[in-house]
Amino acid sequence: MSDTRRRVKVYTLNEDRQWDDRGTGHVSSTYVEELKGMSLLVRAESDGSLLLESKINPNTAYQKQQDTLIVWSEAENYDLALSFQEKAGCDEIWEKICQVQGKDPSVEVTQDLIDESEEERFEEMPETSHLIDLPTCELNKLEEIADLVTSVLSSPIRREKLALALENEGYIKKLLQLFQACENLENTEGLHHLYEIIRGILFLNKATLFEVMFSDECIMDVVGCLEYDPALAQPKRHREFLTKTAKFKEVIPITDSELRQKIHQTYRVQYIQDIILPTPSVFEENFLSTLTSFIFFNKVEIVSMLQEDEKFLSEVFAQLTDEATDDDKRRELVNFFKEFCAFSQTLQPQNRDAFFKTLAKLGILPALEIVMGMDDLQVRSAATDIFSYLVEFSPSMVREFVMQEAQQSDDDILLINVVIEQMICDTDPELGGAVQLMGLLRTLIDPENMLATTNKTEKSEFLNFFYNHCMHVLTAPLLTNTSEDKCEKDFFLKHYRYSWSFVCTPSHSHSHSTPSSSISQDNIVGSNKNNTICPGALRFMRRIIGLKDEFYNRYITKGNLFEPVINALLDNGTRYNLLNSAVIELFEFIRVEDIKSLTAHIVENFYKALESIEYVQTFKGLKTKYEQEKDRQNQKLNSNRFRRDAKALEEDEEMWFNEDEEEEGKVVVAPVEKSKPEDDFPDNYEKFMETKKAKESEDKENLPKRTSPGGFKFTFSHSASAANGTNSKSVVAQTPPATSNGSSSKTTNLATSVTATKGSLVGLVDYPDDEEEDEEEETSPRKRPRLGS
């Protein structure tokens, strides 16, 4: 349905008496068989799903507000509202509701808001009591009027009747004229009565009365009446504040008079609700729900009108980024955008999406980059608030901007580096701004909210960008504070090159590249040199290992990062202290969790230095784990070899039977065997197997040596030959030349296959069957947890 007259937004009132946006769609009124009556249906414009299905109950009180709103309650604590795009659509649905209830469409409310006991009392009253007679609007009647207004607040039906009487007789404007008279005469008693009267009228919670009271003609007099609270010795000066102190500043002239009037009205009504009116009691807490709705829908309308005025927004951005703009003007522009973004939170998700995309298109992020670097604390604070709205709305939009910016700007002036510097240099003793910026930075680098599409992976792209362009800014204070101790500095630098989760918790993508490093080989295991290790660095390494993430484990082994830890343990000697316990616990964790890659690395490279430590069974336990895994791998190897030998034997047998024995120039079997009949196959097979075993024993002596200790292959680590750059296939590439002693090609082929089996584990993948088995063993890396978890 494309008719804009029927386009509506659906709202529900939450427990905090705030309106929640439930979506945008098109409304219709139709008979629903399941509900057995005419009903209001709203279907989402995005996918046609049902947003609302509400039967028009003959006894439900529907209220029409501000020409484009219909509000009603379906249960005691469940209020609904339809906000129409056009007045014509609201009038059309209102007529349908009134038709079902048998009401005149000219009314603003279809039913009296009464409870059951009130309704019973109402039915017993004579007809003449249905009307409320208002006292004449005179100075000497103010006390009587105040008593009347106060008395009806406890009765829903009397509140409604009083509201209708006030509206029909134009009573509010007459009361405000009396206010002016009382103030001129300095009639304090009359002013106190007027305070009670105006406050009570606000508590009637009637939208039609609000439209009169908050009009340009009346609103300042309403504020004036509310200054004279009888409980105060002296009246407040709210009007003085609104007219002199809180002056409205047009950062760019607003040519739309309706928009300007709506902004003035919203600010003043918000001031009445937040500042002037006292906090409502439990009895009064629902009296101002319509006032809250009035402010809410005003803000929605303001944002929509500003967003549609592209000329206005373009001029604002032009001045905000103009170097010639003075600081005072820029401060006003930033504060305007802060208020603008705050108002945008009232928009529904689709409209809020369009709103922030419009700001991004106009250049809000480059503008923030300028103002966040200003010395003015107020400006920086407002800019941080704006930046938080943008990050919370779309972290990906901010990431995309900063990566594009890096192609044209130096690292020092990148927006994200400006944010980091502001976080580091926060002068607030309580670090309020730093904490806010830290939260935004964590959101930006959190892989959980990064996009992954077929064409790009945001994790790898952004994290690579961050390491290359931002990490040095973030870690600069840490490195500066540890520069006196070179060992500590090197250790910190090495770890922070891999991850900066010591400061922030998100994990990293498997696909992004990280600079490799190596510890100086001067520090041999067990040396007496000073191997002081920084306790912050040890905790950091323990946390990384605690992730049990092979991505990190590979870099730990590649960089030989266990060496300084083990050196520190050995240099600590027999002293039983915190360092000893922390290091032992780290290795015990590896043993208990059976982290195979780290276990293999530790045993192969450091076990000789650690086997003398017997006061704990940790290192012997690691050796046991290592040997068990090695045995398992050998069993797997033998199983694969048996399958392959059987397969090769079957192929040779088939070739043996199928070859043409009379073919000239080929000798298939030994002459003795050639004369045997087919019935003697078992004997031939036995001789064949004897020849095979002899050849296999001979080949064992010619196998290549291991290139590194314990060079068997784990499924998650590199083979020894691959690590040393050797070509494992070279061992099996050569086929022994045919001899002239009559050995058969069958035997030669078999020997070649055996050599391939024994030469290198890497050669196993040359067989299709083995590839399938390896693929089944390898599992995809599990989701990387956060460092802080």
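How many salt bridges does a search of the whole structure find? I get 24, counting a side-chain nitrogen of Lys or Arg within 4 Å of a carboxyl oxygen of Asp or Glu.

Ground rules first. I'm working on a predicted model, where local features need pLDDT of at least 70, side-chain atom pairs count only at pLDDT 80 or more, and totals for chains, interfaces and linings use all residues. Residues are numbered from 1 along each chain as its sequence is written, and side-chain values use heavy atoms, with hydrogens and water left out.

**Entry: Glu227**

I looked up Glu227 and found its side chain in a salt bridge with Arg239, 2.9 Å from N to O. Glu227 sits in the loop between α8 and α9, and Arg239 is twelve residues away in helix α9. Helices here are DSSP runs of H or I, at least four residues, and strands are runs of E, at least two, numbered from the N terminus. Glu227 has a relative accessible area of 4%, so I log it as buried; buried means under 20%, exposed over 50%, and partly exposed in between, with a 1.4 Å probe and protein chains only.

**Entry: α26**

I checked the length of helix α26 (residues 578-592): its 15 residues should span 21 Å at 1.5 Å a residue, and the end C-alpha atoms are 21 Å apart, which agrees. The expected span is 1.5 Å times one less than the number of residues. Among its buried residues I noted Val583, Leu586, Phe587 and Ile590.

Glu585 forms a salt bridge with Arg542, with the closest N and O atoms 2.8 Å apart. Glu585 is in α26 and Arg542 in helix α23 (residues 535-546), so the pair ties together parts 43 residues apart in sequence. Both ends are partly exposed: Glu585 at 37% and Arg542 at 22%.

Just after α26, Asp594 takes a positive phi of about 55 degrees. I also found Asp594 in a salt bridge with Lys596, the closest N and O atoms being 3.2 Å apart. Asp594 is partly exposed at 28%, and Lys596 is too, at 26%.

**Entry: α11**

I have α11 down as residues 289-308, reaching 29 Å from first C-alpha to last, close to the 28 Å expected.

**Entry: Val222**

Val222 lies in helix α8 (residues 219-225). Val222 counts as buried because its relative accessibility is 0%.
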